[in-house]
Amino acid sequence: MEAKKRIGILTGGGDCPGLNAVIRAVVKAATIRGWESIGLRGGFEGLLNPAQTMELDYKKLGHLLVSGGTILGTTNKGRFSAKTGQGEVHRIPVAILDEAKANFQKLGLSALVCVGGDGSLTIAQQLFENGIPVVGVPKTIDNDLEATVITFGFDSAVHCATDALDRLHTTAESHNRVMVLEVMGRHAGWIAISAGISGGGDIILIPEIPFHYKSICGKIMDREKMGRRFTIVVAAEGAKPAGGSLVTQGGGLDREVRLGGIGAQVAEQIEKKTGKETRVCVLGHLQRGGGPTSFDRLLCTRFGARAVELISEGKFGHMVALRPPDTVSVPITQAIGRLRRVPVDGDLVQTGKSLGICFGDWPEGDWP
Ligand code: F6P
């Protein structure tokens with residue numbers, strides 16, 4: 001018989017579909033072992049004075065498998081911000097780490113499950129190095145974490161973006177317009193390329209491939225010549241023209257810079273250069289809202305259950321990961337510090353190219 005434990009769980013960084021499904025799986029698997037679980041509210045901030053906790057009695061919690069958001073709340077800024085830019089990691093002040101550890105001990109916890117992406121897992125690693133037994137669960141719609149084949153939330157975001165593309169197709173075709181859909185993903189193009197291919201996009205712009213307007217406009221005019229008088233463009237928020245810079249919405253000292261606005265720039269340039277009527281749609285936080293797809297529900301449930309097993313095995317400083325067909329554990333250090341981006345010579349880009357999808361990457365051409 002295993003010794004009774006009391007475990008804490010928190011959700012950090014931007015929210016995404018499936019956070020509640022992970023909480024449910026952790027609480028359920030812990031309850032079955034006879035352990036107690038408590039939630040920390042508002043991300044890592046919940047560990048600071050006064051500690052903010054929430055009772056997690058499985059019998060009193062309903063609909064967590066299907067509901068969006070996180071019942072624990074979260075934040076992607078504040079005193080625990082360990083990342084302020086692409087690859088820029090700073091050490092969290094020792095006083096903050098010590099305060100968190102003191103509260104962890106006061107609450108009588110024996111382990112902490114940290115559910116988060118690159119930024120939150122970077123914080124989790126620092127807590128671990130400061131003596132808190134931590135286990136990680138990889139979350140992010142951006143799918144940009146190393147060491148796992150997929151993060152939860154990504155499939156739900158792709159589903160949302162694909163649905164948007166299906167809708168944009170019908171209106172683009174009715175009006176013979178160019179439609180630009182801007183999607184999230186930060187410095188990785190996973191959402192753009194996955195939804196772009198699934199949703200039949202004609203042009204896909206990803207951060208990994210700097211683009212040329214000549215190439216984009218050439219593709220639109222080629223389609224025009226073939227009698228295809230509408231075009232669907234998918235632009236990742238982190239895409240940028242060759243030699244150009246990222247389009248941002250500002251940032252702050254305690255948070256990463258906010259990306260956004262490239263879709264409008266692309267639409268403006270297309271209209272100016274081709275004369276084609278062009279509209280832009282920014283999908284924004286719709287990609288993060290709502291409940292998880294069935295794929296994500298399953299993944300979250302597997303991740304949550306595995307996280308509890310890691311605690312039981314004493315595998316702290318580790319994160320659960322998907323290495324099909326299994327969930328495995330990897331040191332958190334393997335998942336952070338380097339973003340996983342779309343390989344430009346990989347299968348997804350190749351699939352797109354085989355279908356004639358334009359990635360904006362050839363600067364030459366006979367247009368205009
Ligand atoms: O990391 C998830 C993400 O949704 C990114 O795709 C996006 O750039 C960012 O978070 C948006 O953050 P916020 O919710 O602060 O606007």
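Strands (E) are DSSP runs of at least two residues, numbered from the N terminus, and two strands pair if DSSP finds at least two bridges between them. The structure shown is a predicted model, in which local features need pLDDT of at least 70 and side-chain atom pairs count only at pLDDT 80 or more, while totals for chains, interfaces and linings use all residues. Residues are numbered from 1 along each chain as its sequence is written, and side-chain values use heavy atoms, with hydrogens and water left out.

Consider strand E12, residues 318-323. A hairpin of two residues connects E12 to E13. These two strands are antiparallel and share six bridges, with His318 placed opposite Pro331 of E13. Strand E7 (residues 134-138) runs parallel to E12 and is joined to it by two bridges; here Val135 faces His318. Five of the six residues of E12 are buried, so the strand is largely enclosed by the rest of the structure. Buried means under 20% relative accessible area, with a 1.4 Å probe and protein chains only.

The ligand comes next. Residues around the ligand, including Asn76, Asp142, Glu237 and His285, have a heavy atom within 4 Å of it. A polar contact is a pair of N or O atoms within 3.5 Å. A side-chain N or O atom of Glu237 lies 2.5 Å from a ligand oxygen atom; for Asp142 the corresponding distance is 2.7 Å, and a polar side-chain atom of Asn76 is 3.0 Å from an oxygen atom of the ligand. Of the 400 Å² of accessible area that the ligand has on its own, the protein covers 86%, by the Shrake-Rupley method with a 1.4 Å probe.

Methods
Buried means under 20% relative accessible area, exposed over 50%, partly exposed in between (1.4 Å probe, protein chains only). Helices (H or I, at least four residues) and strands (E, at least two) are DSSP runs, numbered from the N terminus. A polar contact is a pair of N or O atoms within 3.5 Å; within protein, one must be able to donate a hydrogen and the other to accept it, and residues adjacent in sequence count only if both atoms are side-chain atoms.
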